[in-house]
Amino acid sequence: MARMFINGQQADAASGETIEVRNPANGQLVDTVPKASAEDVDRAVEAAHRAFRGWADASPHSRAQLLYKAGNMIRQHIDEIAGLLTAEQGKTLRESQIEADRLAENFDFYAGLTNALRGEYVKLNEPDKYGMVIKRPLGVCGAIVPWNFPLTLMANKICPALAVGNTVVVKPASTTPLSTIRCIELINQAGLPEGVLNVITGPGGSTGEALIRHPKVRKIGFTGETGTGKRVMELAAQTVKRVTLELGGSDPCIVCDDADIDAAASAVSVGRVFNCGQACLAIKRLYVFESVYDEFVEKLLGRAGRLKVGPGTAEGVRMGPMHTSGGRQGIEDFVADAVDRGAKVIFGGQRPDGAEYESGNFYLPTVLVDVPDDARVWHEETFGPVLPIARVNDLDEAIGKANDSPYGLGSSIWTRDVAKARNGMDRLEAGYTWVNALQVAHDELPFGGTKESGYGKEHGLEVLDYYTEGKSIVVAGV
Ligand code: NAD
């Protein structure tokens, strides 16, 4: 059994209860983890609370050194971590290695920002006094992480939180706790003082809610579904906790008549099937100008035809299984709904044939065309490898359709025309717009959705504002 990590030590649930973790490629048991109750959550939060003052008072340089060391510990164990991540999540080994590597890079990036906090000096009207605004860490931060990118989305929270002096309790999704537990052990072995970084495991509705309700937790960094995010916000309000919410998305991509069609087809195919389409930043709706539609679709299908689906550990596989059978059923329902309304499936639209696929949650990459405007795929988040494509006549129509969504996470536009690109940058309702580029988030830029896709930012220098608060000071007599 894998165990939680609380106050620098491995820990079981006080109740002795456990949860099974199963492999999405074959349904086999990978391991079990403790099912933490409110009592276990309290132990972790108390440990983090005790560790807070010492960590907050440590010099930025000493925190930076530990964060660099933590990144190196992760780097030395990439293959082991990637193996665990593929076994519990389903993604390909290559995708898992990229994710583990990104975790290490994140530690480097935020190690470089431990001394980036800045305050203000303010001249006051009373000449014998002056004012200042200083930035202080918040205290214990809870990090609640989903299953699709367990390490990346943990990194987005723990690295900035630790860099500026907070302590953290992480709660991974109950289906992907193993790689997280291992990473947190390794990060602690880099020399973090005990209690600075802890992990508890268990279901969202009990373990997650206990973390949010805990009065000594001052901030919740949450990534997950929009519906869960609303619940997190509601619960956090009871103790007026700060929240950052990174929620669902239905990212539109526009391919204009003057686009580099090869590059766009390549980015769209990667952007839709990476992580088996289970990415918040996946391209989920595609709008292609009529005059380049046939050429674009032909190139996209050529790429889809070469994509090998199979277990994440198998040689040459580019797309693993979906994470859960329920998630696959959800995608099958989306496709059935679109087809019932008149859409055509021009690629995939079913589970792959063959005995090797029978015990896993496999589904083929799927392309839908002639999809009526009222189909669910245009209005809800499709969290799997299905792409609806619509023809559009001009940019106004494309942007109008792109913005017709409750979500506003990412968006992209492919064009060589400066005016069209500017139009997309200004008018697409999203937290991020990529112009002629694959939808990938960069540490240097703030990331976070608008509308129902989120609240607050991760990444960039802006994230530091979400893990500190300003305090006003008036000084007299000195
Ligand atoms: P989810 O909301 O079901 O779960 C996310 C986490 O919250 C898990 O750890 C879960 O155990 C916990 N949780 C569930 N209910 C809870 C509750 N009542 N109180 C506290 N914690 C609770 O999401 P998921 O299915 O794991 O992840 C997929 C979703 O995440 C998709 O909607 C996707 O778009 C979104 N996502 C968003 C981003 C982003 O940066 N905006 C990134 C990745 C994923």
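Predicted model: local features only at pLDDT ≥ 70, side-chain atom pairs only at ≥ 80, totals over all residues.
Helix α2 covers residues 60-76 and helix α6 covers residues 178-189, and the two pack at an angle of about 130° with their axes 8 Å apart. The crossing of α2 and α6 is right-handed. If you want to pick out the contact on screen, look for A70, M73 and I74 on α2, and for C183, L186, I187 and Q189 on α6. By residue class, that contact holds six nonpolar residues, one polar and no charged.

Now to the other helix pair on my list. Helix α3, residues 78-89, packs with helix α4, residues 93-111, at an angle of about 125°, and their axes are 8 Å apart. α3 and α4 are therefore oblique to each other, and their crossing is right-handed. On the α3 side the contact involves I78, D79, I81, A82, G83, L85 and T86, while α4 brings L93, S96, Q97, E99, A100 and D101. What is the make-up of the contact of α3 with α4 in nonpolar, polar and charged residues? It divides into six nonpolar, four polar and three charged.

Let's move on to the aromatic rings. The model has eight aromatic pairs. Take W147 and F383: their ring centres are 5.5 Å apart and the planes stand at 75°, so this pair is edge-to-face. It links distant parts of the chain, 236 residues apart. W147 sits in the loop between β7 (140-144) and α5 (150-163), and F383 in the loop between α12 (376-379) and β16 (386-392). Buried or partly exposed, what would you say for W147? With a relative accessibility of 23%, W147 is partly exposed, and F383 is partly exposed too, also at 23%.

Another pair is Y357 with F362, again edge-to-face, with 5.2 Å from centre to centre and 70° between the planes. Here Y357 is buried at 17% relative accessible area, and F362 is buried at 1%.

Last stop: Y432, W434 and F447, which ring pairs link into a cluster. That's my tour, and I'm happy to go back to any of these spots.

Note on methods
Residues numbered from 1 in each chain as written. Heavy atoms only, no water. Axes fitted to C-alpha atoms, helices over the stretch in contact; angles between N-to-C directions. Helix = DSSP H or I, 4+ residues; strand = E, 2+ residues; numbered from the N terminus. Parallel < 35°, antiparallel > 145°, perpendicular 65-115°, else oblique. Left-handed = near helix turned anticlockwise from the far one by under 90°. Contact = heavy atoms within 4.5 Å. Nonpolar A, V, L, I, M, F, W, Y, C, P; charged D, E, K, R; others polar. Phe/Tyr/Trp six-rings, centres within 6.5 Å; stacked < 30°, edge-to-face > 60°. Buried < 20%, exposed > 50% of the residue type's maximum accessible area, 1.4 Å probe, protein only.
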